[in-house]
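Colleague: I would like to go through the labels on this model one by one. Tell me what each rests on.

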Amino acid sequence: VFSMKEGENRYFWRDINISSWQNGTIASNTPGNINWLAFGFPGNAVLGAVRRNNEVWFAWTASAGGGFQNPHVQVAKFSLPNYNLIEQMQIWNNDYAFSYPAFATNSDNEVGISLAWGGRNFFGNHAVGIMGDFVVWYPDLSDTAITRWGDYVSNRRANPQSRMFAASGYAVLKNTPPATGWRFDPYYILYGRNSVVNGGANDGIR
């Protein structure tokens, strides 16, 4: 884990042991047998990173294997200032793969996640959620697949609605006949607790 404080002109690092995880070929086939993760970039690189109070969280994509039927997301949480491992967890499902995790915190110190999901009976899709809820939400479903999913997705604290999150994603859709081929359907998601958005019960996100 590398770190550098504001105003410093050098960085520091430390090695921390975590539990083993699957780092084989990341692959997930959609209907039609298209591997929507075939491009391979960025492999097992850490994509999700965020600070929450005195914790830092990192997330990356792991391959299938070791009891996981599909590619999945590994999450490691460390305490500050000693960088002790707090917890290592996984975001997984036996029916589809998860990949491309991106974290953000809101002003309530909740951690929002943006990620990709798909495979088996689904094409590659994008979803968002709040860590700890064990559910993610999506605005649109792809109806076809490409072999390079993951460009131009993001996740940030919303501004000025700092209790909410702002994410971008897309669906991949077939062109309307008689046109052939496919197109991207990009979207912007402003999401947060129902209690924040609508003043109602705190039952998930909107």
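**Hairpin and sheets**

Modeller: Start with a hairpin: E3 and E4 form it, with two residues between them, and Asn-53 in the turn has a positive phi of about 50°. A word on the source: this is a predicted model, where local features need pLDDT of at least 70, side-chain atom pairs count only at pLDDT 80 or more, and totals for chains, interfaces and linings use all residues. Residues are numbered from 1 along each chain as its sequence is written, and side-chain values use heavy atoms, with hydrogens and water left out.

Colleague: What makes E3 and E4 a pair?

Modeller: Strands (E, at least two residues) are DSSP runs, numbered from the N terminus, as are helices (H or I, at least four). Two strands pair if DSSP finds at least two bridges between them. Strand E3 (residues 46-52) and strand E4 (residues 55-62) have six, in the antiparallel sense, so they pair by that rule. Gly-48 stands opposite Ala-59 in E4.

Colleague: Which strand does E4 pair with over eight bridges?

Modeller: Strand E5 (residues 72-79), again antiparallel. Trp-60 stands opposite Gln-74 in E5. The open sheet has four strands in the order E3-E4-E5-E6, with antiparallel pairing.

Colleague: Why are E3 and E6 called edge strands?

Modeller: E3 and strand E6 (84-91) each pair on one side only. Neighbouring strands of this sheet are turned by 20° against each other on average, direction ignored. Axes here are lines fitted to C-alpha atoms (for helices over the stretch in contact), and angles run from 0 to 180 degrees between N-to-C directions.

Colleague: What is the order of the open sheet of three strands?

Modeller: E10-E11-E12, with antiparallel pairing. Its edge strands are E10 (154-157) and E12 (182-191). The twist averages 20° from one strand to the next. Four bridges join E10 to E11, and Ser-154 stands opposite Ser-168 in E11. Strand E11 (residues 165-174) and E12 pair over ten bridges. Phe-165 faces Tyr-191 across that pairing, and Tyr-170 has Pro-186 as its bridge partner.

**Burial and contacts**

Colleague: How do you know that His-126 is buried?

Modeller: Buried means under 20% relative accessible area, exposed over 50%, partly exposed in between (1.4 Å probe, protein chains only). His-126 has 0%, so it is buried. His-126 lies in strand E9 (residues 122-130). E11 is mostly covered too: nine of its ten residues are buried.

Colleague: Why is the pair His-126 and Tyr-187 called a polar contact?

Modeller: A polar contact is a pair of N or O atoms within 3.5 Å; within protein, one must be able to donate a hydrogen and the other to accept it, and residues adjacent in sequence count only if both atoms are side-chain atoms. The side chains of His-126 and Tyr-187 are joined at 3.4 Å. The backbone oxygen of Ser-168 lies 3.5 Å from a polar atom of the side chain of His-126.

Colleague: Why is Asn-44 called partly exposed?

Modeller: Asn-44 has 24% relative accessibility, so it counts as partly exposed. Asn-44 lies in the loop between strand E2 (12-13) and E3.

**Backbone exceptions**
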